[in-house]
Amino acid sequence: MDYERIKEKLSILADAAKYDVSCSSSGSKRKNTTKGLGDSSGMGICHSYTEDGRCVSLLEILLTNHCIFDCAYCVTRKSNDIKRAAFKVQEVV
């Protein structure tokens, strides 16, 4: 597998997923400057909370940003000049 190409696809498709209303924390970047639990790279990581208040980090990505439709409101519409990418199932796994 070409890991650099997969990383590029991840960057494109995670960035596109940030427009999903369920993923309000995606796209944020945070450096661990103290004794925290880690960094946030901003690539498709969303946060959800369990009933007992624990934070769960989730990877939210699109499988593709190719589209045959041209909806004026949509970032991935076919007439929009953006980088296109698509994951194969094995790449995501």
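1. Contacts first. Contact here means heavy atoms within 4.5 Å. Among contacts in the protein chain between residues at least 6 apart in sequence, 38% join residues at least 24 apart.

2. What you're looking at is a predicted model, in which local features need pLDDT of at least 70 and side-chain atom pairs count only at pLDDT 80 or more, while totals for chains, interfaces and linings use all residues. Residues are numbered from 1 along each chain as its sequence is written, and side-chain values use heavy atoms, with hydrogens and water left out.

3. On confidence: pLDDT is the predictor's confidence in each residue, on a scale from 0 to 100. The mean for the protein chain is 81, and 74% of its residues reach 70 or more. Helix 1 (residues 3-17) has the highest confidence, at 91, and strand 1 (residues 45-49) the lowest, at a mean of 81.

4. Now the layout. Helices (H or I, at least four residues) and strands (E, at least two) are DSSP runs, numbered from the N terminus. You get 2 helices and 2 strands in the protein chain, in the order α-β-β-α from the N terminus on.

5. Buried means under 20% relative accessible area, exposed over 50%, and partly exposed in between (1.4 Å probe, protein chains only). Of the 93 residues in the protein chain, 23% count as buried.

6. Which residues make up the largest nonpolar core? Ile6, Ile12, Leu13, Ala85 and Phe87 do, 5 residues in all. The term stands for a set of buried Ala, Val, Leu, Ile, Met, Phe, Trp, Tyr and Cys residues joined through side-chain atoms within 4.5 Å. Leaving aside residues up to four places away in sequence, Leu13 touches Ile61, Leu62, Leu63, Thr64, Asn65, Ala85, Ala86 and Phe87.

7. You'll find Leu63 in the loop between strand 2 and helix 2, and it counts as exposed because its relative accessibility is 52%. Its contacts, not counting residues up to four places away in sequence, are Leu13, Ala85, Ala86, Phe87 and Val92. Leu63 and Ala85 sit 22 residues apart along the chain, with 8.3 Å between their C-alpha atoms.

8. Is Asn65 buried or exposed? With a relative accessibility of 3%, Asn65 counts as buried. This residue also lies in the loop between strand 2 and helix 2. A polar atom of the Asn65 side chain lies 2.9 Å from the backbone oxygen of Lys83. Asn65 touches Ile12, Leu13, Thr76, Ile82, Lys83, Arg84 and Ala85, again not counting residues up to four places away in sequence.

9. Further along that loop, compare Val75 and Thr76. Val75 is found between strand 2 (55-59) and helix 2 (89-92), and Thr76 has its place in the loop between strand 2 and helix 2 as well. Val75 counts as partly exposed at 31% relative accessibility, whereas Thr76 counts as buried at 15%. Not counting residues up to four places away in sequence, Val75 touches Tyr19, Asn80 and Ile82, while Thr76 touches Asn65, Cys67, Ile82 and Arg84. From Val75 to Asn65 it is 10 residues in sequence and 9.0 Å in space, C-alpha to C-alpha.

10. Last, the charged pairs. Side chains of opposite charge can pair when their charged atoms come close. The structure holds 5 salt bridges, a salt bridge being a side-chain nitrogen of Lys or Arg within 4 Å of a carboxyl oxygen of Asp or Glu. One of them joins Glu8 and Arg5, whose closest N and O atoms are 2.9 Å apart. Both residues lie in helix 1, 3 residues apart, about one turn of the helix. Glu8 is partly exposed at 31% relative accessible area, and Arg5 is partly exposed at 29%.

11. Asp15 pairs with Lys18 in another salt bridge, with closest N and O atoms 2.8 Å apart; Asp15 counts as partly exposed at 39% relative accessibility, and Lys18 counts as partly exposed at 32%. Arg54 forms a salt bridge with Asp52, the closest N and O atoms being 3.0 Å apart, and both residues are exposed.

Note on methods: Polar contact = N/O pair within 3.5 Å; in protein donor to acceptor, adjacent residues only side chain to side chain.
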